[in-house]
Amino acid sequence: MRSGFRLDHGDQGFGSIAVDVFPGAVGHSGVPDARMPRYDRFVGRSWLRHILFASLLVVAATNACAATWLVGPTHALKKPSEAARVARSGDTVLIESGLYEGDVAVWSQPRLTIAATGGPVVLRAAGASAEGKAIWVVRGVDVRIEGIVFEGARVAERNGAGIRHESGHLLVSRCVFRDNQMGLLTSNDGAVRLSIEDSLFEDSARSRDAFFHLLYAGRIASLTVIGSRFRGGYNGHLLKSRAARTVLRYNMLADGPGGAASYEAEFPNGGDVEMVGNILSQSETGENPAIVSYGMEGIAWSTNRILLSRNTLHSAAPTVRFVHTADAGRGDGSFVLRMENNLFASPGPRPPDPADDRAGGNLWVPASDLRDPVAFDFRLRADAEAKASRSFLPGEAPLPTREFVWPAGTRALPGDGRRLPGAPANSSAPGG
């Protein structure tokens, strides 16, 4: 079932489809304009206009060949795996809302858009895997996946993933990764780029003799995560990145009551790490006292720095290392740690940690100064805000322009002019 309609891919080669995976959440989705450009306006006498016109004709031909494939019980293609076998470069695959059990696929085509329509699509592994790796293996260049729930991946190598991303640029939007050995796992291809927005990673598979991570980026070019939530780790980390560059903005990495993750965020080989406006919270039953870990397996990249600006780091346990970095000289080079206007909170006395550095406007407070971390409300109590506002120092690090919104997503910051250490948290809790 092929048609002549194709979504406009817009910025960075990706289109945008509205999928209601998180009802009420604020995301980045919109309605694309699929109209074709008017070529007659470019026709003229100059050679430049003729070349431009010819180029547009090539684009038009490519668009005309692209198609939308409909998948579901009432369509010719009943399962996503059937669409994976017939889709071509530039196509759009729309999967009807519902449960698809034991259906796995490999996507190798470039410029694909794969999205749920009519509500969430749940892919439950039920013991199946593509190539012994994942529910979906993705190798295409410039692929967008939106509105899909990946559940229950298990493989013999104990690294079964919702998605195994092996090459190209992948954008994951408004997806859920639940009860997998690895939520999303990449290759070590140095050209790979992974972008994630408005997604949920939760409830790691549980094993005492394996390390299952909710998100694990290998030695790739870049990892960018925005407006996403991580919870319910066990033994492994909520987020682990060996990427040359990692950008985390406006996320919540909060293990939650009963969570047993190790680190909330680990960068074992260093790299260029930028964390702005995130909330990180370690449960009392966590496996490791450190929340953020950097360079502990050796510095491996040419650029190595970790920048934290206006993040909130909270521990429910009194023994904590908020930011744990490698000893100077570990690995093949040095690194730079820079922290400005972060908020650190824990019970008991202030720990001996980089949180002691007040030169950058960083502030430690007793955990009791937060409203209700158990309910994911990480705002300061009203009586603690005055002290915090005096601690804030203007700096050179980037400041948040948005904030995390429960259950996943972001919204623009209200223009109230308040400058406080820590991540903006007006909407971090359910009903906030």
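Q: Which residue in β25 does Ile 279 stand opposite?
A: Ile 279 stands opposite Thr 312 in β25. Before going on, keep in mind that this is a predicted model, in which local features need pLDDT of at least 70 and side-chain atom pairs count only at pLDDT 80 or more, while totals for chains, interfaces and linings use all residues. Residues are numbered from 1 along each chain as its sequence is written, and side-chain values use heavy atoms, with hydrogens and water left out.

Q: Which strands is β25 joined to, and by how many bridges?
A: On one count, 4 bridges join strand β22 (residues 279-282) to β25, and these two run parallel. Strand β28 (residues 343-346) is also parallel to β25, with 3 bridges between them. Two strands pair if DSSP finds at least two bridges between them. Thr 312, which stands opposite Ile 279, has Leu 343 as its bridge partner in β28.

Q: And the side chains of β25, which way do they point?
A: Thr 312 and His 314 point one way from the strand, whereas Leu 313 and Ser 315 point the other way, and all are buried. Buried means under 20% relative accessible area, exposed means over 50%, and partly exposed lies in between (1.4 Å probe, protein chains only).

Q: What about β18, how many of its residues are buried?
A: Strand β18 spans residues 245-249 and is mostly covered, since 4 of its 5 residues are buried. Strand β15 (residues 222-226) runs parallel to β18 and is joined to it by 5 bridges, with Arg 245 in β18 as the bridge partner of Ser 222. Another 5 bridges join β18 to strand β21 (residues 272-276), again running parallel, and there Leu 248 stands opposite Met 275.

Q: Changing topic: how many aromatic pairs are there?
A: The count comes to 8 aromatic pairs. Rings of Phe, Tyr and Trp (its six-membered ring) pair if their centres lie within 6.5 Å, and planes under 30 degrees apart count as stacked, over 60 as edge-to-face and the rest as tilted.

Q: Why is the pair of Phe 376 and Trp 406 called tilted?
A: Their ring centres are 5.0 Å apart and their planes are at 40 degrees, so the pair is tilted. Phe 376 lies in the loop between β30 (370-372) and β31 (377-380), and Trp 406 in the loop between β32 (402-404) and β33 (410-412), so the pair ties together parts that are 30 residues apart in sequence. Phe 376 is buried, with a relative accessible area of 13%.

Q: Which rings are linked into a cluster?
A: Ring pairs link Trp 107, Trp 136, Phe 150, Phe 177, Phe 201 and Phe 230 into a cluster.

Q: What lies over the face of Trp 406?
A: Arg 229 lies over the face of Trp 406, at 3.9 Å from the ring centre. A charge sits over a ring if NZ of Lys or CZ of Arg is within 6 Å of the ring centre and within 35 degrees of the ring normal. Arg 219 is placed over the face of Trp 301 in this way, at 5.2 Å from the ring centre.

Q: Is Gly 409 buried or exposed?
A: Gly 409, in the loop between β32 and β33, counts as buried at 0% relative accessibility. Gly 409 and Leu 200 are 209 residues apart in sequence, yet 9.5 Å apart in space, C-alpha to C-alpha.
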